[in-house]
Amino acid sequence: MTENRGPGSPVEHGFPHLATVRASITALFRRLSADGIRAYDTSFAPADAAFDATDGLHLGAQRVAAATVRALRLPDARMVVSFRAMEQAATVELAAGPEYFVEVNDRFRTHRRDLAAALAHEVAHVLLHRLDLRFPGTAENEILTDTAAAYLGAGWLLLDAYREDALTHQRFGYLTPEEFGYVLAKRAALFDEDPAPWFTSPQAYEAYVRGRALAERDHRRAPLTAAGPLARRRYAKARRAGAAPADGSAYRFEPEAAGAGVRVSFPCPVCAQRLRVPVRGRLRARCGLCRTVLDCTT
């Protein structure tokens with residue numbers, strides 16, 4: 001189910017779901033593996049999302065749905081798209097497949113530019129259903145779905161559907177625009193891609209920039225060597241005290257087995273899996289989940 005905030009509805013901003021977003025990225029790496037994630041190296045092409053008045057309604061919708069299926073690497077799944085009056089933007093019936101029935105809001109008969117965004121969320125639901133990957137709560141599961149769509153290459157469409165001005169307040173999905181930007185920036189760093197040229201919504205691009213700034217800060221947090229001077233001083237103070245940092249930083253100190261020293265644990269800036277390394281100065285740590293090699297000063 002895709003949430004659709006229409007005209008007059010306020011759009012939530014900021015990063016209220018960040019912990020669940022990070023947990024979602026970790027869950028994707030655990031379920032798909034590092035190699036499985038890297039198989040999604042090609043994002044949904046803007047040309048494949050194009051759907052305008054020159055297209056036949058149902059044939060055009062089926063074409064966009066098929067492109068979404070290919071983008072999320074579900075070649076043996078078929079989406080059957082129909083239109084009806086409904087409150088949500090879209091819903092999907094999850095079954096054994098290979099056919100999945102997607103109902104989309106009647107407004108997409110005429111507002112066609114956002115159909116691919118609605119379908120991206122629903123096809124991500126199908127992917128997670130097939131992977132048997134879910135979170136316990138409904139809200140957390142929807143955040144997982146948005147995160148999967150964005151991290152695996154189709155969710156930029158959901159962010160591009162965000163528009164906010166004096167007359168319109170629209171967003172799709174359950175992440176805030178900035179959270180979508182954060183996930184897209186994480187993906188961009190992993191695959192060395194730049195989604196900025198794909199955005200047709202100026203507000204979407206601005207949200208991406210804000211999310212990217214936070215994602216970049218993840219790579220500059222102690223004990224990573226790239227951390228700034230202030231973060232390094234705070235880390236050194238917390239290390240001497242052997243206690244959790246007062247500023248809320250994510251690293252923690254703990255004794256090694258048999259009193260052999262101290263370890264520091266911290267989240268991997270790529271997959272958010274917690275790493276534990278000895279406090280021994282400069283070293284390189286390899287994340288066992290995403291296989292990223294990190295330069296650390298512990």
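How many helices and strands are there in the chain? The legends below take up this count and then turn to individual sites of the predicted model.

**Figure 1. Overall fold of the predicted chain.** The chain contains 9 helices and 11 strands. Its radius of gyration is 21 Å, close to the 19 Å that the globule rule gives for 298 residues, so the chain is as compact as a globular protein of that length. Along the principal axes, the C-alpha atoms fill a box of roughly 70 × 45 × 30 Å.

**Figure 2. The largest pocket and its lining.** This pocket has a volume of about 550 Å³. Its lining is made up of 28 residues, and those that lie nearest the centre are R22, D218, R221, A250 and P267. Two or more lining residues come from each of the helices α1 (18-38), α7 (177-191), α8 (202-218) and α9 (229-241), and likewise from strand β8 (262-267). Sorted by class, the lining of the largest pocket comprises 17 nonpolar, 9 charged and 2 polar residues.

**Figure 3. The crossing of helices α5 and α7.** The axes of α5 (residues 138-151) and α7 come within 9 Å and cross at roughly 35°. The crossing of this helix pair is right-handed. On the α5 side, the residues in contact are D146, T147, A150 and Y151, which meet F180, V183, L184, K186, R187 and L190 of α7. The contact of α5 with α7 involves 6 nonpolar, 3 charged and 1 polar residues.

**Figure 4. The largest cavity.** Rolling a probe the size of a water molecule over the atoms shows where empty space is left. In this model the count comes to 1 cavity of 30 Å³ or more. The volume of the largest cavity is about 30 Å³. Its lining consists of S43, G153, W156, L184, R187, E193, P195 and W198. By class, 4 of these lining residues are nonpolar, 2 are polar and 2 are charged. L184 and R187, which belong to the cavity lining, are also among the α7 residues that meet α5.

**Figure 5. The cis peptide bond at P223.** The peptide bond from A222 to P223 is cis, and its omega is near 10°. P223 is found in the loop between α8 and α9. Both of these helices give two or more residues to the lining of the largest pocket.

Figure 6. Although S33 is not a glycine, its phi is positive, at about 80°.

Terms used: Residues are numbered from 1 along each chain as its sequence is written. This is a predicted model: local features need pLDDT of at least 70, side-chain atom pairs count only at pLDDT 80 or more; totals for chains, interfaces and linings use all residues. Side-chain values use heavy atoms; hydrogens and water are left out. On a 1 Å grid over the protein atoms alone, a cavity is a set of points where a 1.4 Å probe fits but cannot get out, and a pocket is an open set with protein on both sides within 12 Å along at least five of seven lines; lining residues have an atom within 4 Å of a point. Grid points are joined across faces, edges and corners, and a volume is the space filled by probe spheres set on the points. Helices (H or I, at least four residues) and strands (E, at least two) are DSSP runs, numbered from the N terminus. Ala, Val, Leu, Ile, Met, Phe, Trp, Tyr, Cys and Pro count as nonpolar, Asp, Glu, Lys and Arg as charged, and the others, Gly among them, as polar. Axes are lines fitted to C-alpha atoms, for helices over the stretch in contact, and angles run from 0 to 180 degrees between N-to-C directions. A crossing is left-handed if the near helix is turned anticlockwise from the far one by less than a right angle, and right-handed if clockwise. Contact means heavy atoms within 4.5 Å. The radius of gyration is taken over C-alpha atoms; the globule rule is 2.2 Å times the number of residues to the power 0.38.
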